[in-house]
Every structure is written in structure tokens, then in C-alpha cells.
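Please open the structure in a viewer and follow the stops below in order. Each stop says what to select and what is found there.

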Amino acid sequence: MAAVGSAASWLFRLRAAGAEGHWRRLCGAGLARGFLHPAATGKDAAQRRQVAHFTFQPDPEPREYGQTQKMNLFQSITSALDNSLAKDPTAVIFGEDVAFGGVFRCTVGLRDKYVPVKNHSTFYLYEFDYYFGVHVQNMEDSCTGKDRVFNTPLCEQGIVGFGIGIAVTGATAIAEIQFADYIFPAFDQIVNEAAKYRYRSGDLFNCGSLTIRSPWGCVGHGALYHSQSPEAFFAHCPGIKVVIPRSPFQAKGLLLSCIEDKNPCIFFEPKILYRAAVEQVPVEPYNIPLSQAEVIQEGRDVTLVAWGTQVHVIREVASMAKEKLGVSCEIIDLRTIIPWDVDTVCKSVIKTGRLLISHEAPLTGGFASEISSTIQEECFLNLEAPISRVCGYDTPFPHIFEPFYIPDKWKCYDALRKMINY
Amino acid sequence: MAVAIAAARVWRQSRILGQAALLLLLRRPGARGLAISHPHRQQEQQFSSLDDKPQFPGASAEFIDKLEFIQPNVISGIPIYRVMDRQGQIINPSEDPHLPKEKVLKFYKSMTLLNTMDRILYESQRQGRISFYMTNYGEEGTHVGSAAALDNTDLVFGQYREAGVLMYRDYPLELFMAQCYGNVSDLGKGRQMPVHYGCKERHFVTISSPLATQIPQAVGAAYAAKRANANRVVICYFGEGAASEGDAHAGFNFAATLECPIIFFCRNNGYAISTPTSEQYRGDGIAARGPGYGILSIRVDGNDVFAVYNATKEARRRAVAENQPFLIEAMTYRIGHHSTSDDSSAYRSVDEVNYWDKQDHPISRLRHYLLSQGWWDEEQEKAWRKQSRKKVMEAFEQAERKPKPNPNLLFSDVYQEMPSQLRKQQESLARHLQTYGEHYPLEHFDK
């Protein structure tokens, strides 16, 4: 276990060190400079910052989508955004600091790339055309990349409200909220407006072409305001979709699906994976369906459900369980939080009889409670043990205490062991 | 332009903003019709340590060595533009829009038809026929004057007291009533409280109850219009109370920085439910905030339909040509209660309300104008009152008789497609009604 840990940390540091110079040049935001830097090459092991609590496990290279390229998570996001800007002339990307490339480098290069060429073909966009009755042509007269990828003032409620307005006209709006921790000023616009636009207007109007992207989850040192996982707040809001990828390949396909989905979507990106997660990702666009959980490993004895970074934690828990307890685990990546794939989880629990759900967000009111409640309703007689939730504590996300706070593999393993012995 | 210069003169005299403000107010368009903004100019300056000029990126200003706080000038605020006096006489002939008779009659008929519909629907709430209503008494001029100055396809984002805009765009009485009654003909499918109108055909975005949320949305729509070279403006209506919301600040700032063709139209009617303007703000109303954002701004007499028309017309022309926002603050008075849930005698005197109703009403003012032009008379007035009342009553009776929409419409349009879990809930309600249907008002609902 220690060997795996230190190898991972060495890899982490090596990768990070290589990119450091380039990263420093690009990175403006002071706080983000602290992120994804390697642990200080400290002399004293006791004072060295913690290594990551997980090991990213890449999926095998996908064959069905054409040529692939090695990408980390932020590069796969850039690729998805690049594909979107290329095929959808109405698409725009905006938020704080996106123009220079973003504090996590997700939008690097996009602003300069999308300058329309002369003799641009005429686009006929039905919904867009409906409101404004014109063909979108002669774009070079008024547009450069500057109007497709641009900074907004520092105002999350404005970013989301503005994005809704773009989407109401039928154009594609891709908004970035710099950290999920800062999404709350936009909560009213998301919950009271975006989610209800179609319903309240009797489908006369909608903002389905809005996607909000935001870095999410723990990162080792983010503390209260750079570590949050707020998916549970939005799970309680019919009308929006909430999607969380576990890897670069998943991220690109899911993000493209969110952008193309005809409903407003929130796409949370596990920030700790931005550089740590690397795998082969198709260069061309492809879609991964929303509201479909993925069984990433089949098993007989217990079902483990998680999303985002935590999927990699429970993967490791599954191998620990196999090795130490001879227990076979079925691992499910939920992927879409709402509307969530009840059937896949039910089917699995009917088979195994045991369910463990894990997330970083606090226990009370966390999304595990929704899953637990539904599964006990649907699969009560199949359960061999109470459903287990391994989550963050009911506290704000602490700084120095992060290693104690997070639902790491030891806590998950222990909960699994208790369930098996129930 | 003349207006902007006059406004600039006032500013200069009160020494609030100085030369830089004048530049802001008279911002000249750049090569692309885009206003050249200060930060760009700032960044083009050569840096020289020998110069004693400020180099700060954050402001384009000179140094001063005298400690002096800028005095917000609230004693004599931004002047109120008007075309007619209270008797409907044109004051300055060069400001007369010289609108043709048919158009001015359409103004008058829209305002009076709205007024008639308001009376009848307010009564219908009192009689328990509809659940809720909000009247537009006293503000009809702001709706009609502005709507008339726009293209029919300009997108409208409203707050909830702009029914006259829809009226001017010929939204049928039947549909106003259908929404208030929530009957089968409601395009909104019965989902919202009365007066939450919406019309895709007439480019009027469906109203929502949360205040000011429409402001940054309108800015986004305007940005999209600019990108599409649509030659359209977006207009966004809100009250002086809603202007206190953070969303208003967000909208103004985004519109200015992102150079959007939008008209912000503030109906300053003196009250936000019971809260008078003295408790809503301490500055010089809403118009004075515009220059703080770099937005061209004007204050108009909202009860003068020609003043509203002129200001909106010019704002529209320039917003589209120059891709920049405009702020119009229309001063008016809310003659009616906030809504049927309000009794305003609890916080203001009947005398105050009567003054506005009798002495400074947009409808009477326009009527005086029409009479002086010889385009209207007492007989036509009587005939029109009778006719408009009859039209409203007919629509009203029809709306009463229609059933409500099928309860299945409770479940659709949450998403574009119905999620499987929601379908299960829909089925569970259907099963429930099979057993317990007698306890539900099913007879009023479409089968």
C-alpha cells in the first residue's frame, strides 16, 4: 500500500514539475497557482504535504471513436469545448478569466482559434432564426474569437443570468463558474429561473442550450471554499441536470452531451483530476448518454456507488475487499446525479443485496441519502444489510484536517467489512 | 443628442463628474460601431516615468491635491424629459414626434382597453373568480409609449406590470384571460399565477415572479442578438424596487462591459408594495446609476406617452447602431394597489392617489392631446368605452366557461423529455385519482 502511495506521489510530482514552468506563465489567479503544484520537495517526511488519497485508474483506450490522443482532464475539457465551438457557430464560452485560458487551463487557445474565415458559409439556425429572423452570415464583420470566448465581470449571478438569456434565444451558452463553492450567488438564477423556464412558460420558452461548468471537489488543500461538492443542493431541483465525470474520456463525452442536451445542465469537474487523470481520449466529438450510470466492474456480493473522484477510491476499496475478504464488488459510477439512473442501481442491489454509497459532501442531506431512500423502497426485501453511506462529516470542509475529513479507502473498507459481517 | 448634451451640462454644472463624464456621456462609436471604452484607451498609453500623469489601469482620471468628497446631488436630480404638459399640449414643437392619427389612436385605445380589462379582472378576483390580479393603473403610458417605439420583433423581458406592451402588440383579450383563469386556452398551460403572461409569437418572454432575474437574462439575449447581426434590440422592464436587487447591478455591468444592444426601462412608480422610494434608495433614483456603469441614461415623464416614445425610439436606434446599453427611467405613479393582496390605504393617503388619478394620468393627457387635434370627441369616447367594455366582458365570460387543462400537464415540460421517474409519479397520480377522484375538482378539468 505504501509502495503504491509513494509511486503515485512520485509520478504526481514528476508530472507536475514538468508542467510547472509552463503553468506558472499561464496561471494568473494567485490561488490557483497553489493548486496542482507538487508537494514541496521537503526534507522531513513528517512535514511533507499529504499525497493524493486515490490513484487515478485510466480506462482502456476507446476504439470506437477514431483516433485518440493522450489528454488529462483539463485537456479533454478543452477538446470538448473546441469541438463545440467548431460545429456550433452560436456557441459562446464565458465566465471569469476564461479568455486567457482559465485558472485551470480548460479554455487555453480557444479565444484565438475561433476567428471566422472570409467566405464563411451561411448558417441557418432554426431557433436562433426564429427570434431574430436572420441568417447568421457575414460574421467576420462583427465577430472575432473575442466575442465567442470572453471574460465577464466578477459576478456569478450575472454569469448564469446572462447565460440563460443567451440560451433563451436558442444560442448555445457555456458558462464557467470558477469554483463550485462560488455557485451560490447564482442559485436563484439556476433554481428559480433556468430549471423552471420551460415548465412555467408552457414550453413557449426554454434555456436548454445552457451548460454551466464548474471545478468541484476536494483537492488536498482547498479548505472550505475550494473543495465543495454542492450536487445535493441542485439534486432537489427538477428541471436541471447535474453531471459529474470520473475521467478525461468520460468528461469529454458527458460534457458534449450536456452542451447538446435540450435542458440546462450543470457539469462539475473534479479539480483534483485536472492534471492527475491522464488517458487516451478521442480527438473527434462523441457523446456519452446522460442519466445512465455505468457498471465499471461487475461483482456478486456488494454494490459500491460513487461519482467523480470517489469512483477511484471505491475501485481501490473493491480490490482491497477482494484481496483481504474475498468479497466481489460491483462498482457503479452514477455519472448523472439528476435525473439519476435508478434502474441500474436497483438491478445491481437486487443481485448483491448490499449497497455502499460514498461521496465527499457532508453526510446529512447528501445525495447518498436520496439513493439510500429510493433503494430501500424499491429493493427492501433484497437487502441483506442496512445501506451504508461513507461521506464527509457534517462540517464545513476543513483545511489542515482534510486527511481526516474525507471518506478515504480505509473508511469505505471498514464500512464494507461491517456490511459483509452484518 | 440634444438630450445628452443638456444632461451633460447639468452634470458639469454640479461638478460631479467633470470632463471624463462628458466623454462617457457622449461616447463616440468606433470603427465597428462599437463604443471605444476607457480601459482600452488606458492600455494604449505609453508608460513614462517622467510624466506625472496617473498610470493606474483602473481609472482614467487626473490627480487632484485637494481633499474633496464628491457630493451626490439629490436636491436637484437628473431632469425629467417631457414633450406634453399636463394638459396634453406640446411644449417644444421640435420634440413633437408628429405621429400619424392612426398610431396615436392605437396608443389611446391600447391604454384604455388595458384600463378596462384591469377593472374587470380586478373585480373578478374580488368575486373569487380568479385567484390573483395586478392592475396597471397610471403606468399605461410607460408600456404603450415604449412598445410603440420598438420593432415588433424586439425581444421583451418584463417584470409583471407591463401588460400594455402585450396589449399594444395585439395580444388577444382571450389569451390574457386564459392565463388569468388558467384554462385550456392558456399557452402557459395553467402553471403560473395570473398576470404571468408570455407570448413567443409577440416576442414577450414569460413573466416570472422573482424580481430583477430578467435583467441579466435580457443582457444575454441582447448579446446573442448582437452576434447574430440581428438588428434587434432587447428591452428589459423593471421597477425601481427591483433595481435594488443584485441582479440589476449584474445586468447593468454586463451590458456595459459586453457592449450589448439593450434598453433598460425602469418604471419608477414611487412604491415597491408599501416601500416608498425614500426607503428604497438614497441616490438620485435609478437614472443616476447609469453613468456609474458607463451607460447612457435619461429620465423621462412616464405619464407622457410621447416623451416615453421619443426616448425609447432614440435609445433603440443608437443601441442597435452602436451596440451599447441605454437606461431610461420613466417617472410615474402606481395608482392602483400593488396587487389584489394589497390595500394601499394602509401606507398612503387617498388624497395622494386621487391627485395622480385626476390630475396627472397618462390616459387623460393623451385624450386632451387627441381632442385638441380634433382626432377624438365625446361621442367617440362614449362609443369606445361601450365597445371596449363589451369586448372585455365577452372574453371574460368565455374564459369563465372553459375547462382547466388536463392534470397530466402537471408533469410535462419539466425537461424537454419526461424522465422515467417522473413518468412513474404521473402514473401514481393517475392510479390515486381512480380511487380517490371524488375528492378532487376533476369536473372542472379537461379529460
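Begin with Gly170(A), which lies in the loop between α7 (156-168) and β4 (173-176) of chain A; helices (H or I, at least four residues) and strands (E, at least two) are DSSP runs, numbered from the N terminus. The model is predicted: local features need pLDDT of at least 70, side-chain atom pairs count only at pLDDT 80 or more, and totals for chains, interfaces and linings use all residues. Residues are numbered from 1 along each chain as its sequence is written, chains are lettered from A and ligands numbered from 1 in the order in which they are written, and side-chain values use heavy atoms, with hydrogens and water left out.

Gly170(A) counts as partly exposed because its relative accessibility is 21% (buried means under 20% relative accessible area, exposed over 50%, partly exposed in between, with a 1.4 Å probe and protein chains only).

Move to chain B and display its open sheet of seven strands, in the order β1-β8-β9-β5-β4-β2-β3 with parallel pairing; two strands pair if DSSP finds at least two bridges between them. The edge strands, each pairing on one side only, are β1 (80-81) and β3 (204-205) of chain B. Now select β8 (residues 296-301) of chain B, which runs parallel to β1(B) and is joined to β1(B) by two bridges. Within β8(B), Arg299(B) is the bridge partner of Ile80(B).
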